[in-house]
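Please take a moment to look over the sequence and the model before reading on.

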Amino acid sequence: MPTGKGAVTSTSGTVTDPVVTGIGVLAPTGAGVEAHWHAVLAGKSGISRINRFDPTSYPVRFAGQVPGFAAKDHVPGRLIPQTDHWTHLGLAAAAAALADARIDPAELPEYEMAVVTSSSSGGTEFGQHEMERLYLNGPSWVGAYQSIAWFYAATTGQISIRHGMRGPCGVLCCEQAGGLDALGQARRLLRTGSRLVVSGGTDASLCPYGLVAQLTNGHLSTVEDPARAYLPFDAAASGYLPGEGGAILVLESAAGAAARGMGHGYGIIAGYAAGFDPPPGSDRPPALRRTIERALADADVGPADVDVVFADGAGVPEADLAEARALAEVFGPRGVPVTVPKTLTGRLYGGGAALDVATALLSLCDSVIPHTAGPTHLAAGCEIDLVTDQPRDARLNTALVVARGHGGFNAALVLRRPEADRAEGECG
């Protein structure tokens with residue numbers, strides 16, 4: 001976790017790194033790992049006109065929305081009116097990840113299972129509806145569940161309760177960087193005695209209240225063409241589009257996964273670091289470069305060992321330039337392939353980096369780099385090898401995932417492919 005302005009921390013150690021044995025995805029690109037991965041490789045966008053409410057009067061009218069999701073198909077009926085849409089997505093993704101990992105939580109010691117998720121806005125839509133009842137009808141109309149449904153730890157709590165996971169549980173609130181920070185914390189927990197950790201994140205703030213809150217940072221794109229609205233590292237970049245969804249992952253110790261016959265699963269979380277930028281106007285440099293370097297050191301790899309970078313790609317010109325410079329400083333100009341598949345989903349805040357990790361693991365398994373849909377002309381100063389137009393086949397062993405959150409959060413996560421002697425496509 002960030003420890004202060006300009007600070008960078010890592011979690012190096014000699015204990016065996018954890019493996020990812022299950023992935024659950026609910027994203028604008030599809031529900032389920034297979035649907036998401038096929039859409040990413042095909043460059044099929046999940047961005048469309050917002051339909052959860054009428055966006056006509058708002059300057060941003062497009063977003064990434066999870067297609068065909070009905071809470072009643074995934075969440076116990078009694079929980080639906082007690083929890084927010086963001087938590088519904090998290091519960092569904094967690095159940096899918098556990099099923100993918102072939103885990104029945106009832107068969108494991110309850111205090112050896114932990115839950116750590118990321119959150120950005122919490123239960124925004126639930127909170128909006130309760131405020132509407134307050135202002136229109138009075139305080140007696142506000143439900144008791146308002147006190148917990150909006151809470152940023154609600155998804156962690158509900159996953160823990162539903163699956164009987166009573167080990168260390170927590171939430172990281174670092175906006176877009178939170179998904180990596182949650183996985184970094186999950187790694188720590190596995191190194192200190194937990195057997196299994198459910199981690200990652202989802203987000204869902206596509207409601208009038210949530211959209212207005214997002215508009216305040218001035219970084220959302222108001223371009224009317226959804227195919228040209230979110231163009232990270234492009235000369236025509238004008239901001240980003242929001243989205244909902246994310247990914248939940250199951251992490252286990254290597255020994256535990258092997259004992260269950262899961263081998264190295266989808267891949268290994270080999271390194272992690274987090275940092276925090278100095279305040280605006282400071283003469284100190286941004287923390288991103290140091291964060292990346294510390295994550296690589298934590299993984300005991302050098303820049304030449306990294307085969308692909310899943311970039312943050314904010315779509316904001318000054319932020320893109322800063323990230324491109326940090327990557328060029330670490331890897332050299334155009335020194336490593338870079339991709340931003342989130343142009344197909346929008347930025348998912350608490351769910352975005354976790355989804356990037358899921359996509360990166362699939363990329364390692366299949367030895368293919370998904371392309372960045374949208375950008376056509378790199379902005380001046382962005383000296384990176386951005387993969388565009390179509391996926392790029394490549395032998396991949398190590399991936400770096402980068403994430404930044406509003407306010408100065410930075411995080412970097414290093415992933416390694418399962419054992420080199422495994423056939424491609426046999427992950428999971």
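**A helix and a strand**

Just after helix 2, R102 takes a positive phi of about 55°. The model you are looking at is predicted, and helix 2 itself covers residues 85-100, its 16 residues reaching 23 Å from the first C-alpha to the last, which is close to the 22 Å expected at 1.5 Å a residue. At the N-terminal end, helix 2 is capped by D84, a side-chain oxygen of which lies 2.8 Å from the backbone nitrogen of W86.

Helix 2 is mostly covered, since twelve of its 16 residues are buried; among them are W86, L89, L91 and L98. The buried residues of helix 2 pack against several elements, including strand 2 (19-27), helix 3 (124-137), strand 8 (196-203) and strand 9 (245-252).

We can now turn to a strand. Strand 16 (residues 398-405) is also mostly covered, with eight of its eight residues buried. In a regular strand the side chains alternate between the two faces of the sheet. In strand 16 both faces are covered, for T398, L400, V402 and R404 are buried on one side, while A399, V401, A403 and G405 are buried on the other.

Strand 16 also has partners. Strand 11 (residues 308-310) pairs with strand 16 in the parallel sense over three bridges, and V308 stands opposite A399. Strand 17 (residues 409-416) runs antiparallel to strand 16 and is joined to it by eight bridges, with A399 standing opposite L415. Strand 16 and strand 17 form a hairpin with three residues between them, and in the turn G407 has a positive phi of about 105°.

Methods: Residues are numbered from 1 along each chain as its sequence is written. This is a predicted model: local features need pLDDT of at least 70, side-chain atom pairs count only at pLDDT 80 or more; totals for chains, interfaces and linings use all residues. Side-chain values use heavy atoms; hydrogens and water are left out. Helices (H or I, at least four residues) and strands (E, at least two) are DSSP runs, numbered from the N terminus. The expected span of a helix is 1.5 Å times one less than its number of residues. Buried means under 20% relative accessible area, exposed over 50%, partly exposed in between (1.4 Å probe, protein chains only). Contact means heavy atoms within 4.5 Å. A polar contact is a pair of N or O atoms within 3.5 Å; within protein, one must be able to donate a hydrogen and the other to accept it, and residues adjacent in sequence count only if both atoms are side-chain atoms. Two strands pair if DSSP finds at least two bridges between them.
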